[in-house]
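I opened a notebook page for this structure and went through it piece by piece. The entries follow in the order in which I looked things up.

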Amino acid sequence: AMSLAYDNAKANDLFYNNQGILAQTIIPPGIGGYDKKYVNPYNQYNLDKAKKLLAEAGYPNGKDLPVIKYETLATTVARQVSEFFTKAMADIGVKIQVNTNTWPQLTQKTKKRQAQMFGMAWLGDYPDAENFLQLLYGPNASPGPNGGNYNDSKFNTEFDIAKNMQPGSERAALYAKLAQYVEEQVPLMLGVHRTSYVLKHAWLKNYKFSTFSHGNSRYYDVDLQKKKEVFESGVLTGKAIQTASKW
C-alpha cells in the first residue's frame, strides 16, 4: 500500500531532474538478471489500490496504524525527499515521523536494528546481481548489509544456488526470478537507478565511465601532444558520458 501511494515518477522529476530510471527490481540495468520487460506491480502510483490494500490489512485510512519512524540524513535533499514521502503517506492516512541523522548515526542505527524504516542507496561493488540481491539475503542481516533484515527461506535457498553457479544465461534467469519474487512481498520501496554525467578532457585516453571503477585508473593515459594543442588553442573540449548507475 505504501509503495503504491508513492509517486516515484514525480519524485524522479523533482529530485533527479527526470533522469533516473524507475526501478522495477533491485537489479539495475546492464547487470545479468535485469529484465527490461518486467513491470513491478507495486511500484506504480495507484492511490485507490493503495487505500484498498491498507483497508484489507485492517487499517482503513490508516486507522489504528501506529506512527512509522523514518530515519534519513540531515541534508537538504534528504529533508525534501522525506517531506515528499511524508505527504504521500498522509494521502492514505499513514503517519510518518521523520528522524534526521548524520551518516554515521544512520548506519549505526541500521546495524543495531534501531531503524524501523530508513532511506538509503546502494552503489554496486562489482557487476554481478549477487552484489545487489545479497542485500536481501537472510544470513546477511544486521549488522551485515541486509539492513532491512528481510529473511525468506525460499529466497535464501535459491540465492545460495545462484551465487555458486557459473556466469551465464541460466544464472541470470534465476537472478531475475529471485528479484521478481521479492517484489511480490515488497520488503522495500524502490526508487530509481540514478544517472551520472561525466565530463572528461579530450586528451584523456583509455577512459570509459563505469560505476565499478576500482583499479581502472591504472589503464588511463594522457595524450600530451593533444593536451598541448588544446591549451595552445585556448579552447578546452570535453565529452559528456551518460550512464545509469545503481538505485
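Predicted model: local features only at pLDDT ≥ 70, side-chain atom pairs only at ≥ 80, totals over all residues.

Entry 1, a helix pair. I looked up helix α2 (residues 8–16) and α4, whose axes come within 11 Å and cross at roughly 160°. Axes here are lines fitted to C-alpha atoms, for helices over the stretch in contact, and angles run from 0 to 180 degrees between N-to-C directions. Helices (H or I, at least four residues) and strands (E, at least two) are DSSP runs, numbered from the N terminus. I noted that α2 and α4 are therefore roughly antiparallel to each other; angles under 35 degrees count as roughly parallel, over 145 as roughly antiparallel, 65 to 115 as roughly perpendicular and the rest as oblique. The crossing of α2 past α4 is right-handed. A crossing is left-handed if the near helix is turned anticlockwise from the far one by less than a right angle, and right-handed if clockwise.

Residues are numbered from 1 along each chain as its sequence is written, and side-chain values use heavy atoms, with hydrogens and water left out.

Which residues of α2 meet α4? I found Lys10, Ala11, Leu14 and Phe15 on the α2 side, meeting Gln80, Val81 and Phe84 in α4; contact means heavy atoms within 4.5 Å. The residues of this contact divide into 5 nonpolar, 1 polar and 1 charged. Ala, Val, Leu, Ile, Met, Phe, Trp, Tyr, Cys and Pro count as nonpolar, Asp, Glu, Lys and Arg as charged, and the others, Gly among them, as polar.

I traced 3 strands that form an open sheet in the order β3-β2-β4, with parallel pairing. β3 and β4 stand at the edges with a single partner strand each, so one side of each is left without a neighbour in the sheet. Two strands pair if DSSP finds at least two bridges between them. Strand β2 (residues 68–73) pairs with strand β3 (residues 96–101) in the parallel sense over 6 bridges. From β2 the chain goes through helix α4 (residues 76–90) to β3, a β-α-β crossover that is right-handed. A crossover is right-handed if, with the strands pointing away from the viewer, the path from the first strand over the helix to the second runs clockwise.

On β4 (residues 117–118), 2 bridges make the parallel join to β2, and glutamate 71 has phenylalanine 118 as its bridge partner. Helix α5 (residues 103–111) lies across β2, β3 and β4, at about 140° to β2.

I looked up helix α7 (residues 153–163) and helix α8 (residues 169–183), whose axes come within 10 Å and cross at roughly 160°. That makes α7 roughly antiparallel to α8. The crossing of α7 past α8 is left-handed. Residues of α7 in the contact include Phe155, Phe159 and Ile161, and those of α8 include Leu174, Tyr175 and Leu178. The contact divides into 9 nonpolar residues, no polar and 5 charged.

Where is asparagine 140? I placed asparagine 140 in the loop between α6 (130–133) and α7. Not counting residues up to four places away in sequence, asparagine 140 touches Gln134, Pro145 and Asn146. Proline 143 is in the loop between α6 and α7, and the peptide bond from serine 142 to proline 143 is cis, with omega near 10°. Asparagine 61, in the loop between α3 (47–56) and β2, has phi near 55°, a positive value in a residue other than glycine.
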